[in-house]
Amino acid sequence: MADRQSNAFAAGASGGPVNASGTSERNELWYYAIALIIGVLGGAVGAAFHLSLDGITATYSRLIEAVGGSGIAILIAIPLSAGMAVLAAFLVRKYAPETAGSGIQEIEGAMEGEREVRWFRALWVKFTGGLLALGSGMVLGREGPTIHLGAAVARGVTAQTNLPTQDQRGLLAAGAAAGLAAAFNAPLAAIVFITEEMQRQFPFRRHTYVGLIVAAIASAIVAETLAGRRPLIEIPVTEMPFSVLPLMVLLGALVGGLGVLFNQLLLRSLNTVDKMPARLWWLPALAVGGASGLLFVTFPEAVHGGERFVLQMSALDLSVVALILLCVLRFAGSVMSYSTGVPGGIFAPMLAIAASLGLAVGAVSHDVIPVDNVEHACAIIAMGAFFTASVRAPVVAVILVMELTNAYALLLPLLVACVSASIAAQVLNGQPIYELLLERTLRKARQA
């Protein structure tokens, strides 16, 4: 009985019949209304972030093009990107250290009652710092900032209510889902991500689950209305014959091992930066930002989160060697960019890393398996396998890739590759990246 009473929306509320969870139907409707508000605001903030980032990136590109010669462009791009990265790191360090990285682990910690969401600080630091970091060309995804921004919006809204703790945490998760839905225009993947990745923290009740769905849908609608529909990865693919399934098993295992390595190196890189003298906090951002500026001019496919590369990969004509080099550069760039402590996610970089490797594997295997568009199929399937190995959320991986690519003809081989990647990660003792990041965050907080 005490547990049921704790889930009532407000002390003394009597909004009609009480359901099995101890919550009145009228209060459930009030909860859904709050979730709708969070979804609308989260979608609007996410759209503003996307439009602002697109504007910064376009301005940067026009500046480099206007300069002309590559030598002069490099001399401009290196200090410009380095300066933007250092300023982003400064904002985080000075005003809101919790906004470093993707923010997903911070939301999970808050849902466990271990972390505080200072919503106003998180909003402006994550927004501004994210624009600077991603605009500099660092290999980070825009979904990290939008997820944290959506959760910050949710905290700002619920702070004005007297909702019980569990319901506030449910709406915090709804805000995170709204942010992810705005990032990829993939509301279903956002819903499943919360329920699969945050299953330990998410307070499963009927109204919290429906509220999660409401927020994700509202965010996707608002973001699409304001910023336009984020383009699907339209790659020509056809249904693959069963003869390609052994290749998908091998591809899944290969990418699964790469995903485990990615997680390990990401944590090691973060720990290495932590051991540096505090007075040199600016050095990693300066170095990685400068390198991003150099690549922005010399090898533009290797910078930014990778959304543009993934969207355009069907039109790119890169050799196998160039694709492998691109995979290596993006892998290293993502690990080093994340370790600098600037705002940014790893979803989009994962997709680009996997896509480049998948294209290379598909190109090599085409002579052995002469199937039309096998290269593009391998690229799409590798994206799901890499995500599965790193995040250990195979259902999310499948849904996210399907929503992004509309390649439902590849559903069976994608499932096969994701299972293979998951088993490979388990055999290699890989741990889910966000669990590792959460443990690290909580450990550092307790030691402070």
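Which side chain meets Lys444 in a salt bridge? I looked it up in this predicted model. The partner is Asp274, at 3.5 Å from N to O. I then placed both residues.

I checked Asp274 for another partner. Asp274 also forms a salt bridge with Arg440, and here the closest N and O atoms are 2.3 Å apart. Again the link joins distant parts of the chain: helix α10 covers residues 245–274, helix α18 covers residues 433–447, and the two residues are 166 apart. Asp274 is partly exposed at 39% relative accessibility. Arg440 comes out at 9% and counts as buried. Lys444 and Asp274 meet as noted above. Through shared partners, Asp274, Arg440 and Lys444 belong to one salt-bridge network.

How many salt bridges does a search of the whole structure find? I noted eight. One more of these I followed up. Asp54 and Arg142 meet through their side chains at 3.3 Å, N to O. Asp54 lies in helix α2 (residues 25–67), while Arg142 lies in the loop between α5 and α6 (143–158), so this pair ties together parts 88 residues apart in sequence. Is Arg142 buried or exposed? I have Arg142 as buried, at 10% relative accessibility. Asp54 is partly exposed, at 31%.

Next entry: helix packing. I took α8 (residues 187–197) against α16 (residues 394–405). Their axes are 9 Å apart and the packing angle is about 170°. The cut-off for roughly antiparallel is over 145 degrees, so α8 runs roughly antiparallel to α16. I listed the contact residues. On the α8 side they are Pro187, Leu188, Ala189, Val192, Phe193 and Glu196. On the α16 side they are Pro394, Val395, Val396, Ile399, Leu400 and Glu403.

I went on to Val391. Val391 belongs to helix α15 (residues 374–391). Its relative accessible area is 1%, so Val391 is buried. What does Val391 touch, not counting residues up to four places away in sequence? I wrote down Phe193, Glu197, Met350, Pro432, Ile433 and Tyr434. I also checked Val391 against Val416. They are 25 residues apart in sequence and 17 Å apart in space, C-alpha to C-alpha.

Ser422 was my next stop. Ser422 lies in helix α17 (residues 411–427). With a relative accessible area of 19%, Ser422 is buried; the cut-off for that is under 20%. Leaving aside neighbours within four places in sequence, I found Ser422 in contact with Thr388 and Arg392.

Last entry: the surface. Which residues form the nonpolar patch? I noted Leu87, Phe90, Tyr95, Trp119, Phe120 and Trp124, with about 560 Å² of accessible area together. I traced the patch to its helices. At least two of its residues come from α3 (70–95), and at least two from α5 (119–135). Trp119 lies in α5.

Notes
Residues are numbered from 1 along each chain as its sequence is written. This is a predicted model: local features need pLDDT of at least 70, side-chain atom pairs count only at pLDDT 80 or more; totals for chains, interfaces and linings use all residues. Side-chain values use heavy atoms; hydrogens and water are left out. Patches are made of residues with over 30% relative accessible area and no salt bridge: like charges are joined within 9 Å, nonpolar side chains (Val, Leu, Ile, Met, Phe, Trp, Tyr) within 5 Å. Accessible areas come from the Shrake-Rupley method with a 1.4 Å probe; for residues, only the protein chains shown count as cover. A salt bridge is a side-chain nitrogen of Lys or Arg within 4 Å of a carboxyl oxygen of Asp or Glu. Helices (H or I, at least four residues) and strands (E, at least two) are DSSP runs, numbered from the N terminus. Axes are lines fitted to C-alpha atoms, for helices over the stretch in contact, and angles run from 0 to 180 degrees between N-to-C directions. Angles under 35 degrees count as roughly parallel, over 145 as roughly antiparallel, 65 to 115 as roughly perpendicular and the rest as oblique. Contact means heavy atoms within 4.5 Å. Buried means under 20% relative accessible area, exposed over 50%, partly exposed in between (1.4 Å probe, protein chains only).
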